[in-house]
Amino acid sequence: MLFVCYPKCSTCGKARAWLEANGFGFTERDIKLDNPTAEELRAWHEKSGLPWKRFFNTSGQLYRSMGLSGKVDSMDEDEIVSLLASDGMLVKRPILVTDSAVPARVFVLFPRRDIGLQGRVGFSPLPRGREDLRHNLHARRALQGTRRA
């Protein structure tokens with residue numbers, strides 16, 4: 001698996017710790033030093049099933065300073081991909097790209113309380129409605145086969 005993160009981000013640190021504590025092997029990639037390419041972003045978008053807007057780090061300083069909240073909805077796909085590929089700090093993180101699931105999937109992760117984990121903090125894809133609940137189920141199923149022995 002590929003774990004795309006920003007090492008100074010506390011959410012990324014918590015996700016890394018959760019993956020390690022739960023026995024998942026991964027390759028880590030610093031999103032600031034190694035920006036996702038346009039080709040990677042297109043592939044991740046297709047595999048994730050999420051809308052483009054979910055790939056933006058909407059709480060980031062760069063996103064806010066560029067005034068993107070009112071612009072993203074009117075941008076076409078090429079503009080969005082070009083913008084996201086221009087600076088890794090615009091991209092929502094952490095991102096987990098599985099290679100063992102069939103087909104491979106991409107999950108944008110975030111911390112949340114998961115009742116199934118009996119109060120412990122887990123990491124799941126962004127749960128915002130029915131579409132994201134399906135995304136969450138795919139994430140759990142995809143991760144089941146990736147634990148280290």
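1. Proline 94 lies in the loop that runs between H4 and strand S3 (95-97), where helices (H or I, at least four residues) and strands (E, at least two) are DSSP runs numbered from the N terminus. The peptide bond joining arginine 93 and proline 94 is cis, with omega at about 0°.

2. This is a predicted model, in which local features need a pLDDT of at least 70 and side-chain atom pairs count only at pLDDT 80 or more, while totals for chains, interfaces and linings use all residues. Residues are numbered from 1 along each chain as its sequence is written, and side-chain values use heavy atoms, with hydrogens and water left out.

3. On confidence, the chain averages a pLDDT (the predictor's confidence in each residue, from 0 to 100) of 77, and 68% of the residues score at least 70. Confidence is highest in helix H4 (residues 77-86), at a mean of 97, and lowest in strand S5 (residues 121-125), at 43. Over residues 113-134 the pLDDT is below 50, and this stretch has 51 contacts in the model beyond near neighbours in sequence, a contact meaning heavy atoms within 4.5 Å.

4. As to overall architecture, the chain has five helices and five strands, and from the N terminus on its elements run β-α-β-α-α-α-β-β-β-α. Among contacts between residues at least 6 apart in sequence, 60% join residues at least 24 apart. Of the 149 residues in the chain, 44% are buried, where buried means under 20% relative accessible area, exposed over 50% and partly exposed in between (1.4 Å probe, protein chains only).

5. Helix H2 (residues 38-48) and H4 pack at an angle of about 120°, with their axes 9 Å apart; axes are lines fitted to C-alpha atoms, for helices over the stretch in contact, and angles run from 0 to 180 degrees between N-to-C directions. H2 and H4 are therefore oblique to each other, given that angles under 35 degrees count as roughly parallel, over 145 as roughly antiparallel, 65 to 115 as roughly perpendicular and the rest as oblique.

6. Across this helix pair, Ala38, Leu41 and Arg42 in H2 meet Glu77, Asp78, Val81, Leu84 and Ala85 in H4.

7. Phenylalanine 55, in the loop between H2 and helix H3 (61-65), counts as buried because its relative accessible area is 0%. Leaving aside neighbours within four places in sequence, phenylalanine 55 is in contact with residues including Trp44, His45 and Ser48, and also with Leu84, Ile95 and Val108. Phenylalanine 55 and isoleucine 95 are 40 residues apart in sequence, and their C-alpha atoms are 9.2 Å apart in space.
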